[in-house]
Amino acid sequence: MFMTAAQDITNSNFTIKADTNVVMNATNINNIRTVGGAETRIEAGSIVSLNATNDITNIGATIKAGDLLYLTAGNNINNEALVNYKINGSSATETEALASN
């Protein structure tokens with residue numbers, strides 16, 4: 001699967017998957033799972049190649065290759081966990097969660 005965008009490619013709460021290769025070229029590549037959203041993945045059986053002239057951002061999501069994974073960015077490659085804080089089953093901010101300990 002080959003995808004080229006004049007601006008950004010954004011995957012949120014979906015799976016982009018190919019048996020062999022996934023190649024993406026864009027200004028920014030965003031792979032973002034939202035709180036409560038479905039699993040978010042970019043995955044290929046062999047090669048995943050993400051090429052961004054600006055940033056690649058992966059938040060709470062998966063980028064997986066069976067053989068080789070290439071991430072090339074003109075600026076930043078951001079890989080962040082998605083954290084959902086709860087106190088007694090209710091949603092909370094990070095500050096509230098840390099204060100409750």
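Author: Helices (at least four residues) and strands (at least two) are DSSP runs, numbered from the N terminus. The model discussed here is predicted.

Reader: What does the C-alpha trace of the chain span along its principal axes?

Author: The chain has 101 residues, and 32% of them count as buried. Among contacts between residues at least 6 apart in sequence, 34% join residues at least 24 apart. Along the principal axes, the C-alpha trace spans about 45 × 30 × 20 Å.

Reader: Which strands are the edge strands of the open sheet of four strands?

Author: The strand order in this sheet is 1-4-7-10, with parallel pairing. An edge strand pairs on one side only.

Reader: How many bridges join strand 4 to strand 7?

Author: Take the neighbours in order. Strand 1 and strand 4 (residues 21-26) pair in the parallel sense over three bridges. Strand 4 and strand 7 also run parallel, and the bridges joining them number six.

Reader: Which elements give two or more residues to the largest nonpolar core?

Author: This core has 14 residues. Val22, Met24, Ile29, Ile42, Val48, Leu50 and Ile56 touch the most other members. The elements that give two or more residues are strand 3 (15-18), strand 4, strand 6 and strand 7 (47-52).

Reader: Which residues is valine 22 in contact with, leaving aside its neighbours within four places in sequence?

Author: Valine 22 is among the core residues that touch the most other members. Contact means heavy atoms within 4.5 Å. By that cut-off, the list for valine 22 is Met1, Ile16, Ile42, Glu43, Ala44, Ile47, Val48 and Ser49.

Reader: Is threonine 40 buried or exposed?

Author: Threonine 40 lies in the loop between strand 5 (28-32) and strand 6 (41-44). Leaving aside neighbours within four places in sequence, its contacts include Asn11, Phe14, Ile32 and Thr62. Buried means under 20% relative accessible area. Threonine 40 has 1%, so it is buried.

Reader: Which residue has its backbone oxygen 3.2 Å from a polar atom of the side chain of threonine 40?

Author: The side chain of threonine 40 has a polar atom to consider. A polar contact needs a pair of N or O atoms within 3.5 Å. The 3.2 Å distance is to the backbone oxygen of alanine 38.

Reader: Which residues are linked in a network of salt bridges?

Author: The count comes to two salt bridges. In one, the side chains of arginine 41 and glutamate 39 meet at 2.7 Å, N to O. In the other, arginine 41 meets glutamate 43 at 2.8 Å, N to O. Arginine 41 takes part in both, and the linked residues are Glu39, Arg41 and Glu43.

Reader: Why does glutamate 39 count as partly exposed?

Author: Its salt-bridge partner arginine 41 counts as buried, at 15% relative accessibility. Glutamate 43 is buried too. Buried means under 20% and exposed means over 50%, with partly exposed in between. Glutamate 39 falls in between, because its relative accessibility is 43%.

Reader: How far apart in space are alanine 52 and aspartate 67, C-alpha to C-alpha?

Author: Alanine 52 lies in strand 7. It is buried, with a relative accessible area of 7%. Not counting residues up to four places away in sequence, alanine 52 touches Ala26, Thr27, Asn28, Ile29, Thr72, Ala73 and Gly74. Aspartate 67 is 15 residues from alanine 52 in sequence, and the distance in space is 21 Å.

Definitions and conventions
Residues are numbered from 1 along each chain as its sequence is written. This is a predicted model: local features need pLDDT of at least 70, side-chain atom pairs count only at pLDDT 80 or more; totals for chains, interfaces and linings use all residues. Side-chain values use heavy atoms; hydrogens and water are left out. Two strands pair if DSSP finds at least two bridges between them. Buried means under 20% relative accessible area, exposed over 50%, partly exposed in between (1.4 Å probe, protein chains only). A polar contact is a pair of N or O atoms within 3.5 Å; within protein, one must be able to donate a hydrogen and the other to accept it, and residues adjacent in sequence count only if both atoms are side-chain atoms. A salt bridge is a side-chain nitrogen of Lys or Arg within 4 Å of a carboxyl oxygen of Asp or Glu. A nonpolar core is a set of buried Ala, Val, Leu, Ile, Met, Phe, Trp, Tyr and Cys residues joined through side-chain atoms within 4.5 Å.
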